[in-house]
Amino acid sequence: MGEFEVTTPPPGVRIIPIHGKTPQIHDSAFIAPGSILVGDVTIGADSSIWYNCVLRADVSRIVIGQRSNVQDGSVLHCDPERPGDPDGSPLLIGDDVLIGHMAMVHGCVIEDRGFVGLGAIAMNKALIGSDAMLAAGAMLTEGKVMEPRSLWAGRPAKPLKDLSDPAVMGMRAGVAHYVENARHHKAAVKALG
C-alpha cells in the first residue's frame, strides 16, 4: 500500500514545516519541482502536484485523496477557525479529482471525481459535488453548493446543465492519464538527481 513520508523532498521541491506540522506525502505521489508545500498538508497515493504549485496549510489543513492531481501553477490555501466559525475552512479534496492549471482553490470541499477547470476559483465553504465540473475561468463563490454531475460556469458561477455520461467518462479518463503521466515525470525528475 505504500507509506507516507516526511523525508528528503524531491529535487526542486520545498517542504516547510510550520506550527509543528509537516506535509505528509504518500511515497507513490509525484511532487514536481518548483512546488512549495507548507504545514498541515496530506497527499494520498498516486496523487500528483505539478510544477510550481503552492499548497499552504499554515492556518488549517489541506487534505488530498488518492489519484487526484493539482496542475501547474495552482494555489491551494485554507482559513483558520474564527468567532462563530469554530471549524474554519480546511481544504478537503477527495479521490480522483482534477484541478486544472492555475486554479485557486481556497477552504472548500471537492468531492470524489470533482473537476476544477483551468484558472477557476473555488472559495471558502463551497462544495463541488461528485462528478461535477467547475468550468475554466469560473468563480465559485463562498458557500455555494454544486450538485453531483452538474456543470457550473461564469463569474460568479451558476449552474448550466447536468453532465452527460460521456463527459463524466472523459473526466475519469483524465484522472487515469494524470496518474500514468505522473509516473513518467517522477522517474524523469529522479533521473536528474
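Predicted model: local features only at pLDDT ≥ 70, side-chain atom pairs only at ≥ 80, totals over all residues.

Colleague: What is the order of the open sheet of 8 strands?

Modeller: The order is β4-β6-β8-β11-β14-β17-β20-β21, with mixed pairing. Strands here are DSSP E runs of at least two residues, helices are H or I runs of at least four, and both are numbered from the N terminus. Two strands pair if DSSP finds at least two bridges between them.

Colleague: Which are the edge strands?

Modeller: β4 (30-31) and β21 (158-162). Each pairs on one side only.

Colleague: And β11 with β14, parallel or antiparallel?

Modeller: Parallel, over 2 bridges. β11 covers residues 98-99 and β14 covers 115-116. Ile-99 has Val-116 of β14 as its bridge partner.

Colleague: Rings next. How many aromatic pairs?

Modeller: There are 4. Rings of Phe, Tyr and Trp (its six-membered ring) pair if their centres lie within 6.5 Å; planes under 30 degrees apart are stacked, over 60 edge-to-face, the rest tilted. Phe-30 and Trp-50 have ring centres 5.2 Å apart and planes at 70°, so they are edge-to-face. Phe-30 is in strand β4 and Trp-50 in the loop between β6 (48-49) and β7 (54-64), so the pair ties together parts 20 residues apart in sequence.

Colleague: Are Phe-30 and Trp-50 buried or exposed?

Modeller: Both are buried. Buried means under 20% relative accessible area, exposed over 50%, partly exposed in between (1.4 Å probe, protein chains only). Phe-30 has 3% relative accessibility.
Phe-30 also pairs edge-to-face with Tyr-51, at 6.2 Å centre to centre and 70° between the planes. Tyr-51 is partly exposed at 24%. Phe-30, Trp-50, Tyr-51 and Tyr-178 form one aromatic cluster.

Colleague: What about the largest pocket?

Modeller: It holds about 240 Å³ of space. A pocket is an open set of points on a 1 Å grid over the protein atoms alone, where a 1.4 Å probe fits, with protein on both sides within 12 Å along at least five of seven lines; lining residues have an atom within 4 Å of a point. The volume is the space filled by probe spheres set on the points, which are joined across faces, edges and corners.

Colleague: Which element gives the most to its lining?

Modeller: α1, with 3 residues. Among the 12 lining residues, Pro-10, Pro-11, Ala-29, Lys-186 and Lys-190 are the closest to the pocket's centre.

Technical notes. Residues numbered from 1 in each chain as written. Heavy atoms only, no water.
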